[in-house]
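Subject: Structure handover

Hello,

Here is the structure I promised to pass on. Please open it alongside this note.

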Amino acid sequence: MLRWLIGGGREPQGLAEKSPVQTIGEEQTQNPYTELLVLKAHHDIVRFLVQLDDYRFASAGDDGIVVVWNAQTGEKLLELSGHTQKITAITTFPSLEACEEKNQLILTASADRTVIVWNCDTGRQVQKVSYFQSTVKCLTVLQRLDVWLSGGNDLCVWNRKFDLLCKTSHLSDTGISALIEIPKNCVVAAVGKELIIFRLVAPTEGSLEWNILEVKRLLEHQDNILSLANVNDWRFVTGSHVGELIIWDIMDWTVQACERNFWDPSPQLDTQQEIKLCQKPNDISIHHFTWDEENVFAAVGRGLYVYNLQMKRVIACQKTAHDSSVLHLAKLPNRQLISCSEDGSVRIWELREKQQLAAEPVPTGFFLTCGDLEE
């Protein structure tokens with residue numbers, strides 16, 4: 001089951017710094033986390049989370065700032081300010097293997113049409129690029145080829161010096177919503193209802209230039225694809241606005257498993273093949289995935305769902321993890337998850353087996369929340 005460890009939401013002004021935690025989850029009759037420490041951070045919707053290492057993660061959103069947190073204590077370590085509009089993408093930017101100084105770097109993109117490299121150890125900007133023709137909506141780093149990609153209305157390939165190596169033609173006015181790396185120098189881009197497979201061609205003796213070739217288009221989804229993630233070395237997963245979850249073979253791009261609607265995983269409903277979670281489309285939209293060796297963790301509407309790859313079904317869920325749609329997930333060590341939402345909150349969860357839910361000491365949880373929004 002999913003248990004709420006650290007959480008928060010927008011609080012009315014004047015609320016005391018500490019407040020009791022309400023019961024979370026149908027099976028959790030008593031929540032042992034009875035005190036909360038309120039930490040002010042973001043001032044608007046929190047859209048992105050990224051794990052930096054075993055001890056730190058970063059959050060970003062519509063206020064244009066990046067906050068670096070201590071994942072163990074909830075302490076705010078750094079606040080990175082440099083964008084003038086909302087942040088639209090974030091990813092880690094690994095240091096070169098040959099580089100002696102191993103700094104933790106991240107890339108952030110913004111609606112101000114800039115991309116910034118940050119040093120998360122010092123909080124300083126390393127580099128900034130501002131000549132994009134459209135908003136960058138996704139970023140990914142291909143460490144083996146030592147390049148990084150930006151996705152907007154087109155797909156661009158860059159080197160570490162921020163030189164543009166090549167790009168596609170205009171793909172869509174709505175742009176690329178998600179991007180991942182797959183084998184054979186290929187990437188998968190989500191564009192509307194389609195998945196487009198591109199192959200990167202590195203320079204050779206016969207050609208000194210980089211190139212991007214479109215290989216195939218996959219048209220299994222019935223609505224716009226919102227989420228796309230690698231699961232392991234042989235599978236990736238996609239999720240759509242209307243709650244479609246599709247598991248794909250990473251080598252031949254065929255469908256391995258498919259659920260057209262996210263369902264209520266209650267035991268008495270197992271005999272039904274398709275059960276809608278709820279009636280509102282935005283409450284079944286799959287906004288983001290993360291994963292481990294056995295499970296896919298899905299942000300579905302306002303809830304969190306754990307989909308087991310071997311059993312091909314949901315094994316745990318929290319239907320109302322946040323007050324609004326959950327927008328992003330990240331995985332921490334020790335079977336913990338971080339989630340962020342339109343309600344402006346960041347919450348930390350853990351997945352535990354039923355036999356582990358014995359009596360435990362009562363520790364203190366931490367409440368990560370954004371400041372109140374102005375109407």
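**Ground rules**

This is a predicted model: local features need pLDDT of at least 70, side-chain atom pairs count only at pLDDT 80 or more, and totals for chains, interfaces and linings use all residues. Residues are numbered from 1 along each chain as its sequence is written, and side-chain values use heavy atoms, with hydrogens and water left out.

**Confidence**

pLDDT is the predictor's confidence in each residue, from 0 to 100. The protein chain averages 79, and 75% of the residues score at least 70. Strand 16 has the highest confidence, at 97. Strand 30 (residues 365–369) has the lowest, at a mean of 40. Residues 6–38 stay under 50 in pLDDT; the model gives them 81 contacts beyond four places in sequence. Contact means heavy atoms within 4.5 Å. Residues 265–279 are also below 50, with 22 contacts beyond near neighbours in sequence. Where pLDDT is low, the predicted coordinates should not be read in detail.

**Overall make-up**

The protein chain has 30 strands and zero helices. Both are DSSP runs, numbered from the N terminus: helices are H or I with at least four residues, strands are E with at least two. Of the 375 residues, 55% count as buried. Buried means under 20% relative accessible area, exposed means over 50%, and partly exposed lies in between (1.4 Å probe, protein chains only). The chain exposes about 17900 Å², and carbon and sulfur atoms supply 46% of that area. Areas come from the Shrake-Rupley method with a 1.4 Å probe; for residues, only the protein chains shown count as cover.

Start with strand 4 (residues 56–61). Six of its six residues are buried, so strand 4 is largely enclosed by the rest of the structure. R56, A58 and A60 point one way, while F57, S59 and G61 point the other way.

Strand 4 pairs with strand 3 (residues 46–51) in the antiparallel sense, over five bridges. Two strands pair if DSSP finds at least two bridges between them. L49 has S59 as its bridge partner. A hairpin of four residues joins strand 3 to strand 4.

Five bridges also join strand 4 to strand 5, again antiparallel. Here R56 stands opposite N70. Three residues separate the two strands in a hairpin, and G64 in the turn has a positive phi of about 80 degrees.

V67 lies in strand 5 (residues 65–70). V67 counts as buried, at 0% relative accessibility. Beyond four places in sequence, its contacts include F57, A58 and S59.

**The largest nonpolar core**

A nonpolar core is a set of buried Ala, Val, Leu, Ile, Met, Phe, Trp, Tyr and Cys residues joined through side-chain atoms within 4.5 Å. The largest one has 18 residues. V147, L149, L155, V187 and L200 have the most contacts inside it. Strands 11, 12, 13, 15, 16 and 17 each give two or more residues to this core. Not counting residues up to four places away in sequence, V187 touches residues including L149, L155 and L200.

**A loop to look at**

K184 and N185 sit in the loop between strand 15 and strand 16. Phi of K184 is near 65 degrees. N185 has a positive phi of about 60 degrees. Most residues other than glycine have a negative phi. K184 is exposed, with a relative accessible area of 55%. N185 is partly exposed, at 22%.

Five bridges join strand 8 to strand 9. I106 stands opposite W118 in strand 9.

Another open sheet of four strands has the order 19-20-21-22, also antiparallel. Strand 19 (225–230) and strand 22 (255–259) have a single partner strand each, so one side of each is left without a neighbour in the sheet. The twist averages 15 degrees from one strand to the next. Four bridges join strand 21 to strand 22. Within that pair, I247 has A257 as its bridge partner.

Best wishes

Note on methods
Axes fitted to C-alpha atoms, helices over the stretch in contact; angles between N-to-C directions.
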